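This report looks at strand pairing, at one helix and at a pocket. The sequence and the structure come next.

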Amino acid sequence: MTRKRTFGLVTAALLTFSAGALGDTYAQADGGPSAAKGPAALSGTPAERAYRDFKDHGPRAKILTAAHRAQWRKAPENSVPAFLAAFKDGAEIVETDVRSTKDGQLVLMHDETVDRTTNGTGKVSDLTLAQIKELRLKQGLGGAQAAVTDERVPTLAEIMKLAKNRGLVNLDKGWPLREQMYQVLADTGTVRNGLFKSDAPVDQVRDFRRKHPEALYMHLVQDGNIGSIDEFGDEQPLGYEVVFDSAQDAVARKPVIDRLRSTGRVWVNSMWNGLADHYTDEASLIDPTRGWGALVDTFGATVIQTDNVGNLESWLRTGHVPQQPRADIRIQAEDFARGGEGVAYHDADKGNRESVARINEDVDICDLNGAVAVCWIRGGEWIDYAFTVSKSGTYKVGARVSSPYAPAGTYRLSFDGGEPDRAVQVLNTTGHSAFFDQPSGVSQYLEAGSHRLRIHLDESAYQNFNLDYLDLVRG
């Protein structure tokens, strides 16, 4: 299966920013050649513009970007620097998760426990705020083997103060704490910045909205509670988060979407398969029409929640995203050479575990939320790739990889039957679907013409990573 990837991830490695380095001011660049973003109100702070834009559901409404768990590609999820980076990268809305500590303080934490994202253990509800503030957040999406950073778990009040002039905050996981959350927003002067969300019974939602008419509210709807649309009657929410694991779901049908679109925002999630069928970020990175484009054109999305803020913003503003990092030659991992076992590759176990591509060959190829990648990599395996060089020169090699492990594995490269180069360590990206471009440090002089590259997986090393593609850059 040959495919053309039109653009890739901006980030070469997980980075950690400090709040001070990002600064306290941010001016959003509105406009651009694409009609996808629509006309934006230019006056006021970015937060004021986001507030007005979210309430606009007209035919020319600006499509808004929501950053999932903030910009975790550049800082720990749900951290202060991740929020700053998300707003700086163009998101109008940052999604976060709210939980209560043992002493009744509201903090940002997706899971019930602090285990995945911090260097501590235990339920949030069993720890005091002082105890949680002693913890340190882990890099990116966290995980057992992710590096620990100097960042601390923020409180909801801290984040709302940060967002006050920057944008909106989607308050996920927090509906049971809605009154307490509202009080935090009132105390910090950020009621207009907070976006409440639930799939709660309509009567419960109606009571909250009547008590707090100034609060922004969005309802989560899927086939199981599609009847809530009728139940709201004339008191429709400002938007609906539409979740469908199949395009055939009733809630994803055009008459329903058109109805929702006529009264408010349509929020759709593109992070992984099953949230909006298979219209994912990773599918969008291969071809926007397979992801974000379909969500807008077919499913009426006017807010897209993403793990790839910069790429989505670029597409919305210009209609495309430049290939980043730039590559003179890109070799998709699934496009290995022909010839079979012992000739084009050596695979440690027979059969293609996932049956996504080249199903009659033994190299395991997975669909990782839209990224078609070589997976189930094990020590002692190797794969050959045939490619053509148009200009002679020295080429630097990089790889787009993912893994929640540290070390994730090592590989060596050889060209045209030569000896393998030094071992290249694959760095932890904090998730099997969290792909990042990582330089190998390997350079090779190549004459114009046909060549063969072999990637060797060291037998003596622990190997558990996924390979999306290899890049060769002349320079």
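In this predicted model, Ala-399 stands opposite Gln-438, a residue of β18.

Why is strand β15 (residues 393-403) described as largely enclosed by the rest of the structure? Buried means under 20% relative accessible area. Of the 11 residues of β15, 9 are buried, so the strand is largely enclosed.

Helix α9 (residues 254-263) has the buried residues Ile-257, Leu-260 and Arg-261. Seen down the axis of α9, these buried residues fall within an arc of 100°, so they line one face of the helix. Their cover includes the strands β6 (216-221), β7 (239-242) and β8 (265-269), as well as the helix α8 (228-232).

The last topic is the largest pocket, which holds about 390 Å³ of space. It is lined by 22 residues, and Asp-172, Lys-173, Lys-197, Leu-220 and Glu-241 are the closest to its centre. Two elements, β2 (93-100) and β5 (194-198), each give two or more residues to this lining. By class, the lining of the pocket has 8 nonpolar, 6 polar and 8 charged residues.

Methods
Residues are numbered from 1 along each chain as its sequence is written. This is a predicted model: local features need pLDDT of at least 70, side-chain atom pairs count only at pLDDT 80 or more; totals for chains, interfaces and linings use all residues. Side-chain values use heavy atoms; hydrogens and water are left out. On a 1 Å grid over the protein atoms alone, a cavity is a set of points where a 1.4 Å probe fits but cannot get out, and a pocket is an open set with protein on both sides within 12 Å along at least five of seven lines; lining residues have an atom within 4 Å of a point. Grid points are joined across faces, edges and corners, and a volume is the space filled by probe spheres set on the points. Helices (H or I, at least four residues) and strands (E, at least two) are DSSP runs, numbered from the N terminus. Ala, Val, Leu, Ile, Met, Phe, Trp, Tyr, Cys and Pro count as nonpolar, Asp, Glu, Lys and Arg as charged, and the others, Gly among them, as polar. Buried means under 20% relative accessible area, exposed over 50%, partly exposed in between (1.4 Å probe, protein chains only). The arc is that of the directions from the helix axis to the C-beta atoms. Contact means heavy atoms within 4.5 Å. Two strands pair if DSSP finds at least two bridges between them.
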